[in-house]
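Here is a walk through one protein chain, from its contacts and fold to a single residue. Keep the model in view as you read.

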Amino acid sequence: MSGAPTVRGLRGATTVDADTTEQISERTKELLLQLMARNGLTEDDIISILFTATHDVVSTFPATAAREIGFGAVPLICATEIAVPGATPSCIRVLLHIHTTRSRSDIHHVYLHGAQGLRDDLPS
């Protein structure tokens with residue numbers, strides 16, 4: 001990492017096995033913590049987070065889980081993913097806007113559980 005900080009987008013996704021508050025919370029926290037660890041981020045590096053969920057994930061907001069692990073000062077929003085036929089079901093996607101000195105090629109996007117094949121074109 002070198003150079004002046006810039007704004008970058010950081011992507012990730014996960015799936016849930018059941019539409020429950022507990023499962024959505026657990027998987028969202030897991031995803032966010034891995035994104036943070038793999039990219040050497042702190043809460044202060046995050047500008048905002050956009051969550052989307054497929055129409056079958058409705059028990060709780062993924063943003064609620066983010067607040068539970070300390071993202072209280074970060075602007076968060078949730079939306080419904082568009083219903084594309086054949087898309088991965090029970091899926092939570094996330095887009096973090098971050099300040100970083102990492103180049104695009106040094107950003108590590110994270111895809112977990114049933115979402116692992118969504119972006120095979122990205123480096124791990």
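Start with the contacts, meaning heavy atoms within 4.5 Å. Among those in the protein chain between residues at least 6 apart in sequence, 84% join residues at least 24 apart. This is a predicted model: local features need pLDDT of at least 70, side-chain atom pairs count only at pLDDT 80 or more, and totals for chains, interfaces and linings use all residues. Residues are numbered from 1 along each chain as its sequence is written, and side-chain values use heavy atoms, leaving out hydrogens and water.

Now the fold. The protein chain has 2 helices and 5 strands (DSSP runs: H or I of at least four residues for helices, E of at least two for strands, numbered from the N terminus). Read from the N terminus, the order is β-α-β-α-β-β-β.

Next, the overall dimensions. The C-alpha trace spans about 40 × 35 × 20 Å along its principal axes. The radius of gyration of the protein chain is 14 Å, which agrees with the value near 14 Å for a compact globule of 124 residues. That radius is taken over C-alpha atoms, and the globule rule is 2.2 Å times the number of residues to the power 0.38.

How much of the protein chain is buried? Of its 124 residues, 39% count as such. Buried means under 20% relative accessible area, exposed over 50%, partly exposed in between (1.4 Å probe, protein chains only).

Finally, zoom in on S25. S25 sits in helix α1, residues 21-38. S25 counts as buried because its relative accessibility is 13%. Leaving aside neighbours within four places in sequence, S25 is in contact with A65 and E68.
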